[in-house]
Every structure is written in C-alpha cells, then in structure tokens.
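Hello,

I am handing over the structure below. My notes on it follow.

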Amino acid sequence: MLHSYHNHTYRCNHADGTEREYIEEAIAAGIKTLGFADHVPMPFGGEYYSFFRMKLNETDEYFKTLESLKKEYSSDIKIRIGFEAEYYPDVFPKMINFLKDYPYEYLILGQHALGNEENDHYCSRKTTDKNQLTRYIDQVTEGISTGKFLYIAHPDILNFVGDDDFYRAEMSRFCKFAKEKNIPLEINVLGMREGRNYPNAEFWRLAAEHGCEAVLGADAHHSYHVHDTENIKKARDLADSVGIKMIETLEDRLDK
C-alpha cells in the first residue's frame, strides 16, 4: 500500500499519534504518499458538540503543522492534506465555506450518520428498517453529486440486517451511481482489523458486478496502522475474491 490517503491523528479525539509519528512510520514502511484526512471540523451552530472530530479553532494548527512537515520531509515522502467529511445537507455548504480559505487537497466522504448526527441514526447501528438503507444511499449519492469528494470511505458502513433482496437492489443502485460518476469505493482496513460489519463481502460482489473501482483505506487511528500488513492483505484477498478492479494511487486525480 504505497499511497495511503485515509489517516487520522490525535486531533479527532478518538485516535492517537502526531502527524510526525505517522510520517516516520510511513517512511519506514516504504510508503510514497501519505494523506491526512482527519475528521473535518463542522460549523454546526448552537450548542451541539461533535465528540469525534477536530474543533473549528484547531484547523489553523492542523494546516500549519502539516505544511511545515511537507517541506521538512519533501525528499522522503509526499504528504497530502485532506479531511474525511460527512454529507449533512444543512451543514455542508457552511463547512465548504469555512474551508474555502484553507489549502486542503481533498475530501473523503465517510457517512457516519444519516440526516444530521445531532439527532439521527448512526450508520453502524444494526437496523432492519428499509427506509434507513434507502436514506443512506440517497444521502451519499447526493453527496457524490456535489463533486467535492475524491472517493467514498467504507461505503458499506450502513449496518442493514434486514431483507437480503432489498439490500442487493438498493446497493446495486448505489454502485451503478458510483460507477457512472467515476467515484472509487474504499475497502476499509480498519473495519477488517476490528471485525466490524464492514467490509461486507456481499456489497463488494455487487460493486464488482457493476464495474466499480476500489481503493484501500488504512483508516489509521494509530501511527502503526499505516503499515498494518496483515489486514491490508486480508482486504486485498477480499478484492481478489470478488474480482473488483483496484486503484493503487489517486495522485493522477489529485494533480488535475
């Protein structure tokens, strides 16, 4: 995994390790490109506090630190600066406006909650409700349509345990849309590592059938996760078993 774009640091409040520690681990592992995609600060307004992302007032330091490290390590590794972000329709325009003066290079769409995380359904909670699955797909495809996202993190995060035929039909709709929009889908190594409900083999069979392309996402929350060779191999084995096309680098897309 020579190009890794989904990595978090201590700033998101549920990971550890500084940016420098991640970079040192990546260089030791022979990684050529390391992208930081910490959970984006969001201007929710009111008194709501999001416990799993950096605060708005930490954004300056995030960029200051990474821009400095980019220069320091320029001869050893390429560093990219991005964010993982949800698509919350009411907040998204304000988020984009907040980020407009920062030199971020990409956004990854990782939809952790439906509607808005303040008062709605978290995607990793089990559900048999068909409406939740449909809402997830509608929301993510709407997010893709903004044209703001590089790829979709853990697209199979919605933990639907209801009707199998309905799951296949709705996820086929999602995969067709991703293929049409030329948006890669991420096989999430964190989910593999922690035995989560994703990666979901059935989803990836559908994605392969519809001609989607996949990337590996370390979703690192500790610096040593950037070279989690055991679970990266398991993720590749899954990709091989379903026959999906893998994209090894997104540098061509980022350089456009």
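In β5, Tyr-151 is the bridge partner of Ile-108. Strands here, like helices, are DSSP runs numbered from the N terminus (strands are E, at least two residues; helices are H or I, at least four).

Some ground rules. This is a predicted model, in which local features need pLDDT of at least 70 and side-chain atom pairs count only at pLDDT 80 or more, while totals for chains, interfaces and linings use all residues. Residues are numbered from 1 along each chain as its sequence is written, and side-chain values use heavy atoms, with hydrogens and water left out.

Back to β4 (residues 106-109). It pairs with β5 (residues 151-152) in the parallel sense, over 2 bridges. Pairing requires at least two DSSP bridges between the strands. Right-handed means that, with the strands pointing away from the viewer, the path from the first strand over the helix to the second runs clockwise.

β3 (residues 78-85) also runs parallel to β4, joined by 4 bridges. Gly-82 stands opposite Tyr-106 of β4. From β3 the chain passes through helix α3 (residues 92-99) to β4, again as a right-handed crossover.

Which way do the β4 side chains point? Tyr-106 and Ile-108 point one way, Leu-107 and Leu-109 the other. In a regular strand, side chains alternate between the two faces of the sheet. All four β4 residues named are buried (under 20% relative accessible area, 1.4 Å probe, protein chains only; exposed is over 50%, partly exposed in between).

Finally, His-3 lies in strand β1 (residues 3-4). Beyond neighbours within four places in sequence, its contacts (heavy atoms within 4.5 Å) include Lys-32 and Glu-248.

Best wishes
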